[in-house]
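Please find below a few notes meant for someone meeting this structure for the first time.

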Amino acid sequence: MFEILFLGTSASAPSAKRGLSAQIVKHDEYRFLIDCGEGTQRQILQSGVGFKNLTRILLTHGHLDHILGLGGLMSTFLRWEAVEELDIFGGRTTLDRVHDLLYGVVLRGNQAPMPLRLNEIKSGTFFEAEDFTVTAFSVTHRGPDCLGYIFEGKSRRPFLPEKADELGVPFGPERRDLVAGKEIILPNGKRIQPDDVLGPPQKGVKLVVVGDTGKTDDLLDACKDADALVIESTYIDEEAEMARQFSHLTARQAAELALKAGVKKLILTHISRRYREKDVLKDVQVIFQNTSVARDFDSFQIKREEQ
Ligand SMILES: [Zn+2]
Ligand SMILES: [Zn+2]
């Protein structure tokens, strides 16, 4: 299961109710901050999530509404809060701008208060834990090196307790060994193979997060069969021409992508402060019913639906 907590859901400039782009994806003890618009550190405090384990920041692109908060965050880390280390991931152009902000403006010759790494990434899997991976893919927006991110649980074979009961496998370490892929031998000498008690592989849960984008046709593959797709929706249908001009999406385009890609839930963010939520939903729900427009501090649990 992944959980996504929205810290900022406004496009380009904040509104009274919405902060600038930032969201945290959680899985067990892992935390990934995706984008860090101005004011993100205060949203982190207000949400109650805190800075603990917040050691990885993934950037979708280098526009100011997605990165300026890194300056404030680093300034706070210099004097107050501490994290053990900080890894920032993004495309080359994005990291160049972040480098200027952090080293040129904030640190200015001072040492970062923790080991700080700017990690250039391209399309492909760049992070792997025991039971999930994070993969970057390329996104078309203004400027080069824009990325989206796929969080995906590894596929696993479910344990079938009724089979184990039938075969007389006792409760305890024997079952754990079978799940781990090891053969066991029962007291009566009978050998039990993992295949005897494990069902067919089931795909892990898939969460896709796209930042700003002007196109959807090149996102189909990445979004395919996602349990949830988080994507920008800066404009509504009436302003489709503006969306095209500034390389952003309308809510309708996002919904059409979700439908085509077989996504289960659509969560829209990066909302222009000129619209109300219902303006956005009106364009969408005729196309894709299971849609939410994220508000600041909304949190969604992304699970695999029972098959
Ligand atoms: Zn933006
Ligand atoms: Zn942008």
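**Notes on the model**

1. The count of salt bridges comes to 20, where a salt bridge is a side-chain nitrogen of Lys or Arg within 4 Å of a carboxyl oxygen of Asp or Glu. This is a predicted model, in which local features need pLDDT of at least 70 and side-chain atom pairs count only at pLDDT 80 or more, whereas totals for chains, interfaces and linings use all residues. Residues are numbered from 1 along each chain as its sequence is written, chains are lettered from A and ligands numbered from 1 in the order in which they are written, and side-chain values use heavy atoms, with hydrogens and water left out.

2. Among these salt bridges is the one between D96 and R92, whose closest N and O atoms are 3.1 Å apart. Both residues belong to helix α4 (residues 92-107), where they are 4 residues apart, about one turn of the helix; helices (H or I, at least four residues) and strands (E, at least two) are DSSP runs, numbered from the N terminus. D96 is partly exposed at 38% relative accessibility, and R92 is also partly exposed, at 38%; on this scale buried means under 20% relative accessible area, exposed over 50%, and partly exposed in between (1.4 Å probe, protein chains only). R92 and D96 also belong to a network of salt bridges that links them with E120 and K122.

3. Another salt bridge joins the side chains of E183 and R191, at 2.8 Å from N to O. E183 is partly exposed, with 36% relative accessibility, while R191 is exposed, its relative accessible area being 53%.

4. The side chains of D237 and R252 form a salt bridge as well, at 2.9 Å from N to O. D237 lies in the loop between β13 (228-232) and α9 (240-245) and R252 lies in helix α10 (residues 251-261), so this pair ties together parts that are 15 residues apart in sequence. D237 is partly exposed, at 29% relative accessible area, and R252 is partly exposed too, at 30%.

5. Which residues coordinate the zinc ion (ligand 1)? They are D65 (OD), H66 (NE2), D212 (OD) and H270 (NE2), at 2.1 to 2.2 Å, donors being N, O and S atoms within 2.8 Å of the metal (3.2 Å for Na, K and Ca); water is not among the atoms, so sites may look incomplete. In sequence, the donor residues follow the spacing D-H-x145-D-x57-H. H66 sits in helix α2 (residues 64-67) and D212 in the loop between β12 (206-209) and α8 (220-223), so that pair links distant parts of the chain, 146 residues apart. Both residues are buried, H66 with a relative accessible area of 1% and D212 at 3%.

6. The angles among the 4 donor atoms of the zinc ion (ligand 1) run from 91 to 164°, and its site is irregular. Four donors count as tetrahedral if all angles lie between 85 and 135 degrees; four count as square planar and six as octahedral if opposite donors are over 155 degrees apart and all others between 65 and 115, and anything else is irregular. The zinc ion (ligand 2) is 3.6 Å from the zinc ion (ligand 1), and D212 coordinates both.

7. The count of disulfides is 0, a disulfide being a pair of cysteine sulfur atoms within 2.5 Å. For C36 the closest cysteine sulfur is that of C146, 17 Å away and too far for a bond. C36 is buried at 0% relative accessibility.
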